[in-house]
Amino acid sequence: MKAVAAALATCTLFLAVSVVLAQSPSSGKAPAAAAQEYDPAIYAELQKAPEKARLRANPLRNDPHAAAAGAILFEQHCAECHGDAARGGKKGPNLRAAEVQAATPGAIFWILTNGVVRKGMPVWSKLPEPQRWQLVRYIKSLGEPAPAEGSPAPKP
Amino acid sequence: MTSFLRLVLLGFFLVFVFSAFCTPPALAQENPYIVAYDHYLEEPGNLEIEYFSTLGTQRGGHNFHAFWAEFEYGATAWWTTEFYLDGQTTFNDSTVFTGFRWENRVRLLQREHFINPVFYVEYENKSGADKVLKEVEGHDVESDFLVSNAQARKDHIHEIELKLILSSTFKGWNFTENTLAAKNLSNSPWEFGYALGASRPLALKAAAKRCTLCPQNFVAGVEMYGGLGDWHSFGLHGTSHYLAPALAWNLRSGWTLRISPGFGLNDNSHPFLMRWGVSREITGFGSMVSRLLGGRK
């Protein structure tokens, strides 16, 4: 029992120090202003989407609220890896990159649904299908020209 | 329970509270299951700290309150590891620490399929006084809990538990089926059990505003679980079974609350189990540890 208690004490200490370190300003995401460079092979995952999946149109493409809802979902589930502004983080690539913006909505949806498990991106099918399409709409909106002043812009 | 162990458990609790209020929030998207598992693993590098309670009624004996703390870490996108600490209070008897468990879940297929298998293996080191009912196996029945804590604690159980989790997602619904085989490492036969679950968020589309009470933050479901006998007497004879509606509320702050009243389906089952739990996800825990150890940044 003493060994178990000692192990638990070590775990507690370890957890406490880790959590304290998490408060340091240096923790977390990459700077929002500068896009990181990534191995182009990362983006090749988009090409693995089957043709049928790639050709799927976003059923929410005309939904005026889809990008805004997607921005909130992005902040809640994706920003940790891809950065607050989707310019990439320590774990996830830049989603404003030309490779992503040139991909079809169906291909991005397919990556969201299936993940890239071997490279660390989890399966996101636990988000219902409409929410994944809202995320796709937001990601695609990052490549659109900036809206005119005064009009609401999706912002994570 | 030694005072040292109490201190350690208090330490865990304080870290839990501290981390819950101080770490960046990440909205969890949890299913409401308490016994059944789906195929979704913890996101890599994240740590989820959970606390669960089970208030159980006992015919012919004292009611009980069993509880466990759970530390779930996403080691990779295909492997999640969890550590549990269990305890219980039997009314008019005593409060005891009943043991620990170490669980691992591995996703067997890389991509999403109609049925997604996950392999589960767990080592349990617990006393016979354990009452958390995290799963029901073999011929587990209500009368097993009639023994006093002092007597039950004399039994020491080392157990290996295997599960095959088969889970599907269809039109917003999750359906999961878990089959269980457990072996006490002493000379006992393999015991079997099952858990089934179905759940769905109350809304499939997310609102375009930050909200706490939006229907997409609630996931409702039902689970059913029970024993299937052992190697020598496989089947439903002398087994207990439960049906439990369940609700999860994923809060914006990163907390998830779960509640699940369970009902015994036969005379071998506890008539009523009230379960609830609270959890919070700490994002980027792996990076923190890495920084702590001076490793890769």
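Visitor: Let's start with chain B. What does its secondary structure come to?
Guide: It's a predicted model, so take this as computed from the coordinates. Of the 297 residues of chain B, 46% count as buried. As for secondary structure, chain B comes to three helices and twelve strands.

Visitor: And what do the twelve strands of chain B close into?
Guide: The order runs β1-β2-β3-β4-β5-β6-β7-β8-β9-β10-β11-β12, with antiparallel pairing. From one strand to the next, the twist averages 20 degrees. Put together, the twelve strands of chain B close into a barrel.

Visitor: Over how many bridges do β1 and β12 of chain B pair?
Guide: Strand β1 covers residues 47–56 and strand β12 covers residues 272–282, and they pair in the antiparallel sense. Along that pairing, Glu48(B) stands opposite Glu281(B), while Leu55(B) has Met274(B) as its bridge partner. The count for β1(B) and β12(B) is ten bridges.

Visitor: Which residue of β12(B) does Leu257(B) stand opposite?
Guide: Here we look at β11, residues 255–264 of chain B, which pairs with β12(B) in the antiparallel sense over nine bridges. In β12(B), the residue opposite Leu257(B) is Val278(B).

Visitor: Over to chain A. Which element gives the most to the largest nonpolar core?
Guide: That core has 39 residues, and those with the most contacts inside it are Phe74(A), Ile108(A), Leu112(A), Leu135(A), Val136(A) and Ile139(A). The elements giving two or more residues to it are α4 (66–77), α5 (79–82), α7 and α8 of chain A. With eight residues, the top contributor is α4(A).

Visitor: How many residues are in the other core, the one with Tyr84(B)?
Guide: This core lies apart from the largest one. Its members include Tyr84(B), Val136(B), Ala195(B) and Tyr225(B), and the total is 27 residues.

Visitor: Is α4(A) roughly parallel or roughly perpendicular to α8(A)?
Guide: The two axes come within 7 Å and cross at roughly 100 degrees. Angles of 65 to 115 degrees count as roughly perpendicular. So α4(A) and α8(A) are roughly perpendicular.

Visitor: How many residues of α7(A) are buried?
Guide: Helix α7 of chain A spans residues 105–114 and is mostly covered. What covers its buried residues includes α3 (51–54), α6 (98–102) and α8 (129–141) of chain A. Among the buried ones are Pro105(A), Phe109(A) and Trp110(A), and the tally is eight of ten.

Visitor: Does Ala86(A) count as buried or exposed?
Guide: Ala86(A) sits in the loop between α5 and α6 of chain A, and has a positive phi of about 65 degrees although it isn't a glycine. A residue needs 20 or more C-beta neighbours within 10 Å to be buried. Ala86(A) has 25 inside 10 Å, so it counts as buried.

Visitor: Near what value is phi of Leu133(B)?
Guide: Leu133(B) lies in the loop between β5 (116–127) and α2 (149–152) of chain B. With 22 C-beta neighbours inside 10 Å, Leu133(B) counts as buried. Its phi is positive, in a residue other than glycine, and near 55 degrees.

Definitions and conventions. Residues are numbered from 1 along each chain as its sequence is written. Chains are lettered from A and ligands numbered from 1 in the order in which they are written. This is a predicted model: local features need pLDDT of at least 70, side-chain atom pairs count only at pLDDT 80 or more; totals for chains, interfaces and linings use all residues. Two strands pair if DSSP finds at least two bridges between them. Helices (H or I, at least four residues) and strands (E, at least two) are DSSP runs, numbered from the N terminus. Axes are lines fitted to C-alpha atoms, for helices over the stretch in contact, and angles run from 0 to 180 degrees between N-to-C directions. A residue is buried if 20 or more other C-beta atoms lie within 10 Å of its own, exposed if 12 or fewer, and partly exposed in between; C-beta atoms are placed from the backbone. Two residues are in contact if their C-beta atoms, placed from the backbone, lie within 7 Å. A nonpolar core is a set of buried Ala, Val, Leu, Ile, Met, Phe, Trp, Tyr and Cys residues joined through C-beta atoms within 7 Å. Angles under 35 degrees count as roughly parallel, over 145 as roughly antiparallel, 65 to 115 as roughly perpendicular and the rest as oblique.
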